[in-house]
Amino acid sequence: MNKVKAHLFISGIVQGVFFRHYTFEKAHQLGLTGWVRNLANGQVETVFEGPKNKVDEMIKWCHHGPDSSKVTNIDIQWETPDGSLKGFDII
(Lines give C-alpha, C1' and ligand atoms only; values in the text may rest on other atoms or scores of the structure.)
Protein backbone atom coordinates (compact mmCIF):
# COMPACT_ATOMS: atom_id res chain seq x y z
CA MET A 1 0.00 0.00 0.00
CA ASN A 2 1.39 3.38 -1.06
CA LYS A 3 0.95 5.67 1.96
CA VAL A 4 1.29 9.44 1.74
CA LYS A 5 0.99 12.36 4.14
CA ALA A 6 -0.49 15.73 3.16
CA HIS A 7 -0.43 18.90 5.29
CA LEU A 8 -3.04 21.43 4.17
CA PHE A 9 -3.74 25.08 4.95
CA ILE A 10 -7.26 25.92 3.78
CA SER A 11 -8.41 29.53 3.27
CA GLY A 12 -11.81 31.11 2.75
CA ILE A 13 -14.99 30.89 4.78
CA VAL A 14 -13.89 27.80 6.67
CA GLN A 15 -14.41 28.70 10.32
CA GLY A 16 -17.79 28.81 12.03
CA VAL A 17 -19.28 26.56 9.33
CA PHE A 18 -18.51 23.12 10.85
CA PHE A 19 -15.60 22.57 8.46
CA ARG A 20 -13.61 20.69 11.12
CA HIS A 21 -16.55 18.45 11.99
CA TYR A 22 -17.25 17.47 8.38
CA THR A 23 -13.52 16.98 7.74
CA PHE A 24 -13.42 14.63 10.74
CA GLU A 25 -16.40 12.64 9.41
CA LYS A 26 -15.00 12.40 5.86
CA ALA A 27 -11.54 11.36 7.08
CA HIS A 28 -13.11 8.62 9.22
CA GLN A 29 -15.19 7.46 6.26
CA LEU A 30 -12.02 7.15 4.17
CA GLY A 31 -10.03 5.49 6.97
CA LEU A 32 -7.40 8.24 7.19
CA THR A 33 -5.35 9.25 10.21
CA GLY A 34 -4.44 12.82 11.13
CA TRP A 35 -5.98 15.91 12.64
CA VAL A 36 -7.74 19.20 11.87
CA ARG A 37 -7.74 22.56 13.68
CA ASN A 38 -8.68 26.22 13.29
CA LEU A 39 -5.89 28.78 13.09
CA ALA A 40 -5.98 32.32 14.51
CA ASN A 41 -5.64 33.77 10.98
CA GLY A 42 -8.99 32.26 9.89
CA GLN A 43 -7.55 29.25 8.06
CA VAL A 44 -8.11 25.58 8.80
CA GLU A 45 -4.99 23.43 9.09
CA THR A 46 -5.21 19.68 8.61
CA VAL A 47 -3.00 16.65 8.12
CA PHE A 48 -4.07 13.43 6.37
CA GLU A 49 -2.11 10.19 6.21
CA GLY A 50 -3.15 7.05 4.39
CA PRO A 51 -3.32 5.43 0.96
CA LYS A 52 -2.61 7.94 -1.83
CA ASN A 53 -5.98 7.44 -3.54
CA LYS A 54 -7.84 8.12 -0.25
CA VAL A 55 -5.73 11.18 0.60
CA ASP A 56 -6.31 12.50 -2.94
CA GLU A 57 -10.07 11.99 -2.48
CA MET A 58 -9.92 13.87 0.84
CA ILE A 59 -8.01 16.76 -0.73
CA LYS A 60 -10.57 16.93 -3.55
CA TRP A 61 -13.33 17.12 -0.91
CA CYS A 62 -11.46 19.92 0.91
CA HIS A 63 -11.56 22.08 -2.22
CA HIS A 64 -15.29 22.59 -1.65
CA GLY A 65 -15.86 21.38 1.95
CA PRO A 66 -19.34 21.42 3.48
CA ASP A 67 -22.12 23.39 1.77
CA SER A 68 -21.82 26.22 4.31
CA SER A 69 -18.15 26.88 3.49
CA LYS A 70 -16.45 28.74 0.63
CA VAL A 71 -12.89 27.57 0.02
CA THR A 72 -10.74 30.10 -1.83
CA ASN A 73 -7.29 28.49 -1.61
CA ILE A 74 -5.50 25.39 -0.37
CA ASP A 75 -1.75 25.20 0.21
CA ILE A 76 -0.55 21.58 0.27
CA GLN A 77 2.76 20.39 1.69
CA TRP A 78 3.62 16.75 1.04
CA GLU A 79 5.48 15.15 3.92
CA THR A 80 7.00 11.73 4.56
CA PRO A 81 4.46 9.43 6.21
CA ASP A 82 5.83 7.99 9.45
CA GLY A 83 2.86 6.05 10.84
CA SER A 84 2.88 8.06 14.08
CA LEU A 85 -0.67 9.35 13.62
CA LYS A 86 -3.33 7.26 15.32
CA GLY A 87 -6.98 7.93 14.50
CA PHE A 88 -8.24 11.32 13.40
CA ASP A 89 -8.64 14.20 15.88
CA ILE A 90 -10.20 17.65 16.01
CA ILE A 91 -7.73 19.85 17.86
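Guide: Two strands are taken to pair if DSSP finds at least two bridges between them. In this predicted model, strand β2 (residues 33–38) and β5 meet that condition with 3 bridges, running in the parallel sense. One of the residues involved is Val36, whose bridge partner in β5 is Ile90.

The pair belongs to an open sheet of 5 strands, ordered β4-β1-β3-β2-β5, in which the pairing is mixed. β4 (70–79) and β5 (88–90) stand at the edges; each has a single partner strand, so one side of each is left without a neighbour in the sheet. On average, neighbouring strands are turned by 20 degrees against each other, direction ignored.

Two helices pack on this sheet. Helix α1 (residues 19–30) touches β1 (3–13), β2, β3 (44–51), β4 and β5, and its direction makes about 175 degrees with that of β5. Helix α2 (residues 52–62) touches β1, β3 and β4, and its direction makes about 155 degrees with that of β3.

Within helix α2 lies Glu57. Leaving aside residues up to four places away in sequence, Glu57 touches Lys26 and Leu30. Between Glu57 and Leu30 there are 8.5 Å from C-alpha to C-alpha, while in sequence the two are 27 residues apart. The relative accessibility of Glu57 is 36%, so this residue counts as partly exposed; the class covers what falls between buried, under 20%, and exposed, over 50%.

Terms used. Residues are numbered from 1 along each chain as its sequence is written. This is a predicted model: local features need pLDDT of at least 70, side-chain atom pairs count only at pLDDT 80 or more; totals for chains, interfaces and linings use all residues. Side-chain values use heavy atoms; hydrogens and water are left out. Helices (H or I, at least four residues) and strands (E, at least two) are DSSP runs, numbered from the N terminus. Axes are lines fitted to C-alpha atoms, for helices over the stretch in contact, and angles run from 0 to 180 degrees between N-to-C directions. Contact means heavy atoms within 4.5 Å. Buried means under 20% relative accessible area, exposed over 50%, partly exposed in between (1.4 Å probe, protein chains only).
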